[in-house]
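Please keep the model open beside them as you read.

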Amino acid sequence: MDPAQAKAQIEQMVEFIRQEAREKAEELATRARSEFEAKKILIVEKSKTRIREEFKQREKEQEVEERIERSKRIQGASVALMEERDAALQSIKESVLEQLSTVSSNPKYKDLLRALVVEGMMLLRDPQVTVRCREVDSSLVKSVLADAEKEYANLMSTQVKTTGWSTKLVLDSTFLAPPPSPKI
């Protein structure tokens with residue numbers, strides 16, 4: 001073999017080796033890019049999953065905070081409503097107490113007492129009824145007892161169609177609480 005052929009054969013072998021090296025390098029680079037892309041996709045998917053989970057967690061926390069806030073608003077409104085109702089009831093109570101304190105000075109108070117005694121007798125329908133009143137009203141109640149007995153007997157004979165029905169009224173010696181004192 002002459003030196004020129006040997007040199008050509010060596011160059012051909014060198015070119016073959018270089019070609020093999022380039023192919024091997026290209027193969028390694030392709031495999032490296034492929035592995036890189038696969039790892040990148042895996043990392044991106046893991047990150048997306050983590051971000052989604054964090055987002056869901058934050059969303060749940062936000063919902064809980066909104067529910068708590070809504071509950072606080074509802075509770076605040078309920079408390080305000082209860083306070084308004086309480087204020088209205090207190091106002092009504094004061095008004096009623098004020099009006100009740102003037103009932104006994106009304107000229108029709110005697111008729112009211114008699115009607116209340118008769119109503120009690122109608123409800124009880126006992127042969128003897130003990131009437132308890134306030135100490136300040138005892139003389140007035142004593143004065144209506146006889147009329148109440150007569151009215152009761154009348155009502156029983158006309159409405160229930162029963163004759164001879166009588167009830168004895170007795171004034172109790174124990175008195176109810178005194179009338180409320182006016183506010184100063």
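1. Strand S1 has two faces: Val129 and Val131 lie on the covered one, while Gln128 and Thr130 lie on the uncovered one. Strands here are DSSP runs of E with at least two residues, and helices are runs of H or I with at least four, numbered from the N terminus. A word on the basis: this is a predicted model, where local features need pLDDT of at least 70 and side-chain atom pairs count only at pLDDT 80 or more, whereas totals for chains, interfaces and linings use all residues. Residues are numbered from 1 along each chain as its sequence is written, and side-chain values use heavy atoms, with hydrogens and water left out.

2. S1 pairs with S2 in the parallel sense over 4 bridges; pairing takes at least two DSSP bridges between the strands. Opposite threonine 130 stands valine 170 of S2.

3. Do have a look at aspartate 172, in the segment after strand S2 (168–171). Is aspartate 172 buried or exposed? Its relative accessibility is 16%, so it counts as buried (under 20% relative accessible area; exposed is over 50%, partly exposed in between, with a 1.4 Å probe and protein chains only).

4. Leaving aside neighbours within four places in sequence, aspartate 172 is in contact (heavy atoms within 4.5 Å) with Thr130, Val131 and Arg132.

5. Valine 141, with neighbours within four places in sequence left aside, is in contact with Leu113, Val131, Cys133 and Leu171.

6. Finally, helix H1 (residues 3–103) has 101 residues and reaches 145 Å from its first C-alpha to its last. That is close to the expected 150 Å, which is 1.5 Å times one less than the number of residues.
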